[in-house]
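Student: Could we go through the salt bridges here, and how accessible their partners are? Please start with the term I shall need for accessibility.
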Amino acid sequence: MARKANQVRAMMTENHPIPPIAKKQEKPLEVHGHLRVDDYYWMNDRDNPEVIDYLNAENDYLKAVMAPTETLQNQLFEEMKGRVKEDDESVPYFKNGYFYYNRFEKGSEYPIYCRKQGHLDAEEEIMLDVNELGKDSAYYQVGSLGISQNQQLLCYSYDAVGRRIYNLAFKDLVREQLLEDQLQAVTGNFSWANDNQTIFYAQQDPETLRSFRIYKHRLGTFQEDDLLVYEETDDTFTCHVRKSKSQKYLYIVSQSTVSTEYRVLPADQPEAQWLLVQARERDLEYELEHVEEYFYILTNAFGAKNFQLMRALVGDCAKSSWEEYIPHRENVLLEGMEVFKNHLVLEERFFGLGRLQIRSWDGLQKHHIKMDEPVYTVWIGQNAEYYTNILRFGYNSLCTPSSIYDYDMDSKSKVLMKQQEVVGGYNAADYLSERCWGVAPDGTEIPISLVYKRELFRKDGSNPLLLYAYGSYGYSTDPTFSSNRLSLLDRGFVYAIAHIRGGQEMGRYWYEDGKMLKKKNTFSDFIACAEYLKREQYSASDRLFAMGGSAGGLLMGAVINTRPELFRGVVAAVPFVDVVTTMLDESIPLTTGEFDEWGNPKDKTYYDYMLSYSPYDNVARQAYPNLLVTSGLHDSQVQYWEPTKWVAKLREYKINDNLLLLHTNMVAGHGGASGRFRALRELAMEYAFMISLVGSK
């Protein structure tokens, strides 16, 4: 029999908190002649008071269980907050006559967006103070900002709930006042035309949140009068709008997991007709950038699995007219590009690491920017200017704080513009990063990046270790610096990243070998990495932890069903764990657009395969590791009921006394708490969960 939530909360005052037990209410789900019974399906209703009571009861239980760690949590929070330079400022970038930057003031949660005209000694102009905008909100997030061509008008998107449903607001920067225009319940994606009066913006389906319509809005008119210029009718596609770096063209981009389609419009002619570049084809992906009389096209067309660069004249840009510019390479993934008047910059991935290639347009001069560490992350930064020989790029590693460089593409010299300051002092030499390789059951070598504090590491299995991974959507998890992570490293933890299949670290095939009917490679890769770290005595099972979020939370669920004895504890953040039910429900955000990631379970082949690994469907009567699960009530990407149902079922089935905790942020969504310090409270809780289990302080 289910306990009432208020009874559960009353029990929290005892020395031994009693977990809330969710009521069971059978819900038969039959597909392909196969019957599943979901006892916790009823939780799929955030307006049901019983659901809210249960979530509150779980939060109360977590608070009671974690009460002995409150001092540690506060200590961790103060440590992490103390490393943050509170009065911080980004490196300004120049665009259309202004230097743009954002800064934080001491004690503030949110950024202040500013600019200076002409030179950095000019008077500061505050465009937007997000602290003022969000002062009365438990959650407030500014999404994107866009300046009109004449630099006088600002459009910005904001979300005050956390469900990634935005409003657009407009500000006259000359008069320093908001305009009456307000576009409500949109995606937050928009782009200005060059007439300083027109914007194009994307709107989502109100139920599924799929971005599927592009509207044209003219300042001074009502939203209901906005003109629909494009509607994406294929529910496996989304669409958005953006502007070319040359500022001469606007793009409507329709895309699915495996296909892309562009439409273009001269930015000076917002009343003109949008023109199709190349009609969509399954497994054809492409991305445009405009330079002079050409469109440059990053694409996998013509069998270029790792992508190649092609080009076509602006007036004749269908695929039949594409000509090869940089050929496909079997061992190099071409990920992105940045264009300048005299230079082309390629963002590449080789042997699991990113790199930047600089080329002259005639191809006669080319080189790679030299990196100083064996394991690192590099990226193209904010490069708004076209007529310059300076490339701004970012660099960091597991040991080196985030650094912004200006690089002279002709002289090959670089200037460090800013390096993230770790308040209180930080010496990178005190830490060591490594790259090693696990071996999957099929013989594939899986790269692992790891870092630890030199003086605290003993390669005898005695160090606690946190193994992190994601492994989906072709998203590469690069080895980056985190000042927050120092709170683990300075307590003797090793931090490791498993670069498993499903990501794209080793090229496009790495992604394709970890999706659809090969998804289980993701899970076996992670287990292989954990086994390697144990075997090489970086840690041991009684001190080994795992962490993953969203699709990485699916990974956590699948792994603990398969090898529950492998880990001491697991943190699963906003985990996607009810795979079959979610992918059968096309009313849920993201579902239809992800059929090419997971498969469509209306096809029995995919149904059976998903069912074989879905964490919720495979919960078993067995001992599970200590588990901390986090969720957001307003999450639009992984609905709150997935982790909630999963925890309820785990509590029913697990046969040991290990911790099983659920924390639901009742005012946030997929990204957790807003603000730079609020989020640290949640991270401190996660760290305290792990640290307390191994007896560290």
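Tutor: A residue counts as buried when its relative accessible area is under 20%. Please bear in mind that this is a predicted model.

Student: Is glutamate 348 buried or exposed, then?
Tutor: Glutamate 348 is buried, because its relative accessibility is 0% and the cut-off is under 20%.

Student: Which residue does glutamate 348 pair with?
Tutor: Its salt-bridge partner is arginine 329, with the closest N and O atoms 2.9 Å apart. Glutamate 348 sits in strand E24, whereas arginine 329 is in the loop between strands E22 and E23, 19 residues apart. Arginine 329 is partly exposed, at 21% relative accessible area.

Student: How many salt bridges are there in the whole structure?
Tutor: The search finds 45.

Student: What does lysine 645 meet in a salt bridge?
Tutor: Lysine 645 meets aspartate 38, at 2.8 Å from N to O. Aspartate 38 lies in the loop between strand E2 and helix H2 and lysine 645 in helix H12, so this pair ties together parts that are 607 residues apart in sequence.

Student: Are those two buried or exposed?
Tutor: Both aspartate 38 and lysine 645 are buried.

Student: Changing topic, what is the partner of lysine 341?
Tutor: Lysine 341 forms a salt bridge with glutamate 292, and their closest N and O atoms are 3.5 Å apart. The two residues are in loops, 49 residues apart. Lysine 341 is partly exposed at 36%, and glutamate 292 is partly exposed at 39%.

Methods
Residues are numbered from 1 along each chain as its sequence is written. This is a predicted model: local features need pLDDT of at least 70, side-chain atom pairs count only at pLDDT 80 or more; totals for chains, interfaces and linings use all residues. Side-chain values use heavy atoms; hydrogens and water are left out. A salt bridge is a side-chain nitrogen of Lys or Arg within 4 Å of a carboxyl oxygen of Asp or Glu. Helices (H or I, at least four residues) and strands (E, at least two) are DSSP runs, numbered from the N terminus. Buried means under 20% relative accessible area, exposed over 50%, partly exposed in between (1.4 Å probe, protein chains only).
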